[in-house]
Every structure is written in structure tokens, then in C-alpha cells.
Amino acid sequence: MKKGDILITKVGLEKAVEIFKNKVMNDFLEDEIPPLFVFEKCIKDGTLECYMYEHDGEESGYIVTRKRDDLVFLLVLAIDKKMRGKGLGNVMIEEFKESVKDRKVILLEAENPEATDDEKEIFMKLKQMGE
């Protein structure tokens, strides 16, 4: 998959909240995401930004970022299960890097389900990965 194959849209509050409720809350552990009211406040004040990625007219992934001074943190990156393994994640990260090239830091935390002994956490991490 290459850059021209996907449509990237910075979404407004309404769509960001929809993505948060329908995707982020299901794709990530509760302690990995802010409460909804904090998410909404930060989208409104511009501290957080949400981007939707589409391929062939279907929502295929999303990114949530946080800006602070000259820093941009990649908080959430998720790809629809049926789109995994096709290079969309690489395209999304490259687009993200291009959009923040004037910033100082990019942070990405990767999940490893084998890094814990807690069965519930292992289950959630495997679920996040589509296992």
C-alpha cells in the first residue's frame, strides 16, 4: 500500500468522539486512554488531534496525537483488523512523521502481549492485535 491509496482526514469533535466511543474504547485498555470528558475537552482546545484513514471508501485506521510545546506524542494508532498486514500502518506512520517534521519528538509505544503475566491484560493485548 502506498500514500496515494489512502485518504487521511483530520476529524472534528463529533467524529473524534464517535471514533473514541466506537473504536478507541474497544481497542485499548481503560488505563491507556483518557476518560471521554478529558478527550472531548482536549479535542476542543486543540491539545489532542484525531485523524481518520480511509482506504477504498472504508474507515481503515485512526491516529490520536497530543501536542505540547514543540513535542507531538503519538498516543493511539490502530488499524482495522481486515486491513492489517497490508502496509497501512507504515503509510500512517510516514504521513504522521511528515506532518510533524518541524516538531522535536515522536513517541510510539508498541504492545507486546508476552510482556506481562496478567491473564486479563494478555487477553486484551491479543484482542488489540486481532489474535
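Biologist: Is D56 buried or exposed?

Modeller: Please bear in mind that this is a predicted model. D56 is found in the loop between β2 and β3. Its relative accessible area is 67%, and a residue counts as exposed over 50%. D56 is therefore exposed.

Biologist: What phi does D56 take?

Modeller: Most residues other than glycine have a negative phi. D56 is not a glycine, yet its phi is positive. The value is about 55°.

Biologist: With which residue does the side chain of H55 make a polar contact?

Modeller: H55 lies in strand β2, which covers residues 48-55. With a relative accessible area of 18%, H55 is buried, because the cut-off is under 20%. The polar contact of its side chain, at 3.4 Å, is with the side chain of D56.

Biologist: In which loop is D69 found, and is D69 buried or exposed?

Modeller: The loop that holds D69 is the one between β3 and β4, the latter being residues 71-79. Phi of D69 is near 55°, a positive value in a residue other than glycine. Its relative accessibility is 66%, so D69 counts as exposed.

Biologist: How many aromatic pairs does the structure hold, and which residues form them?

Modeller: The structure holds 1 aromatic pair.

Biologist: Which helices does the pair of F20 and F39 tie together?

Modeller: Both F20 and F39 are buried. The two residues are 19 apart in sequence, so their pair ties together separate parts of the chain. F20 belongs to residues 13-27 and F39 to residues 36-45, which are helix α1 and helix α2.

Biologist: Why do the buried residues of α2 line one face of the helix?

Modeller: The buried residues in α2 are F39, C42 and I43. An α-helix has 3.6 residues a turn, so residues three or four places apart point the same way. Seen down the axis of α2, the buried residues line one face because they fall within an arc of 100°.

Biologist: How many disulfides does the structure hold?

Modeller: C42 is buried, with a relative accessible area of 13%. C50 is likewise buried, at 1%. A disulfide would need a pair of cysteine sulfur atoms within 2.5 Å, and the number in this structure is 0.

Biologist: What pattern of helices and strands does the protein chain follow?

Modeller: The chain comprises 4 helices and 4 strands. Read along the sequence, their pattern is β-α-α-β-β-β-α-α.

Biologist: What percentage of the residues in the protein chain is buried?

Modeller: The chain exposes about 8,400 Å², of which carbon and sulfur atoms supply 49%. Among contacts between residues at least 6 apart in sequence, 52% join residues at least 24 apart. Of the 131 residues, the buried ones make up 36%.

Key: Residues are numbered from 1 along each chain as its sequence is written. This is a predicted model: local features need pLDDT of at least 70, side-chain atom pairs count only at pLDDT 80 or more; totals for chains, interfaces and linings use all residues. Side-chain values use heavy atoms; hydrogens and water are left out. Buried means under 20% relative accessible area, exposed over 50%, partly exposed in between (1.4 Å probe, protein chains only). Contact means heavy atoms within 4.5 Å. Accessible areas come from the Shrake-Rupley method with a 1.4 Å probe; for residues, only the protein chains shown count as cover. A polar contact is a pair of N or O atoms within 3.5 Å; within protein, one must be able to donate a hydrogen and the other to accept it, and residues adjacent in sequence count only if both atoms are side-chain atoms. Rings of Phe, Tyr and Trp (its six-membered ring) pair if their centres lie within 6.5 Å; planes under 30 degrees apart count as stacked, over 60 as edge-to-face and the rest as tilted. The arc is that of the directions from the helix axis to the C-beta atoms.
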